[in-house]
Amino acid sequence: MTQTSEDVTWLTQEAYTKLKDELEYLSGPARAEITVKIAAAREEGDLRENGGYHAAKEEQGKQELRIRQLTQLLEKAKVGQAPASADGAVAPGMVVTIAFDGDEDDTTTFLLASREYASSDIETYSPQSPLGSGVIGHKVGEVAQYELPNGKKASVTILKAEPYDG
């Protein structure tokens with residue numbers, strides 16, 4: 001099965017290692033810790049009115065969800081620099097500079113990638129966000145439209161798009 005660029009999450013080696021370490025911790029030591037908490041709370045008696053037990057079970061559920069999220073993400077992850085788009089179009093893994101409504105004094109530069117794995121050095125927009133999905137596929141110089149939360153349309157001009165070099 002071939003992965004499309006939308007199926008792939010591009011990660012730096014540092015981000016991949018950090019997420020893999022988090023998954024290993026959650027799958028091993030953290031699971032053991034929560035099991036001990038649940039067992040201790042269970043010994044306190046009546047489970048219907050046992051706040052510690054319910055809190056531990058809720059924590060366990062959140063932990064298991066995070067384990068599933070990390071597992072799925074790391075299965076689809078590619079480590080390294082996202083390939084430059086062959087046709088020069090905006091794609092996930094690129095740093096994009098846009099001008100709002102064509103006003104080159106009102107610009108922003110952002111990384112088009114999953115926010116969860118963003119760098120603190122640059123603002124990040126998800127490819128699934130209104131702005132992110134609006135600019136994907138557009139080339140430098142083109143105008144892209146996207147829908148605002150209030151239902152109105154906004155337009156941006158693509159000023160620059162280059163692969164993120166981390």
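This section describes strand pairing, an aromatic pair and a serine contact in a predicted model.

Strand E7 spans residues 153-163 and pairs with strand E3, residues 94-100. The two strands run antiparallel and share seven bridges. Within this pairing, Thr-97 has Lys-160 of E7 as its bridge partner. E7 also pairs with strand E6, residues 143-147. This pairing is antiparallel too, with five bridges. Here Tyr-146 stands opposite Ala-154 of E7. E6 and E7 form a hairpin with five residues between the strands. In this hairpin, Gly-151 adopts a positive phi near 95°.

A search for aromatic pairs across the whole structure returned one. The partners are Phe-110 and Tyr-125, with ring centres 4.7 Å apart. Their planes meet at 75°, so the pair is classed as edge-to-face; the cut-off for that class is over 60 degrees. Phe-110 belongs to strand E4, residues 107-112, and Tyr-125 to strand E5, residues 124-125. The pair therefore ties together parts that lie 15 residues apart in sequence. Phe-110 and Tyr-125 are both buried.

A polar atom of the Ser-129 side chain lies 2.9 Å from the backbone nitrogen of Gly-132.

Note on methods. Residues numbered from 1 in each chain as written. Predicted model: local features only at pLDDT ≥ 70, side-chain atom pairs only at ≥ 80, totals over all residues. Heavy atoms only, no water. Pairing = 2+ DSSP bridges. Helix = DSSP H or I, 4+ residues; strand = E, 2+ residues; numbered from the N terminus. Phe/Tyr/Trp six-rings, centres within 6.5 Å; stacked < 30°, edge-to-face > 60°. Buried < 20%, exposed > 50% of the residue type's maximum accessible area, 1.4 Å probe, protein only. Polar contact = N/O pair within 3.5 Å; in protein donor to acceptor, adjacent residues only side chain to side chain.
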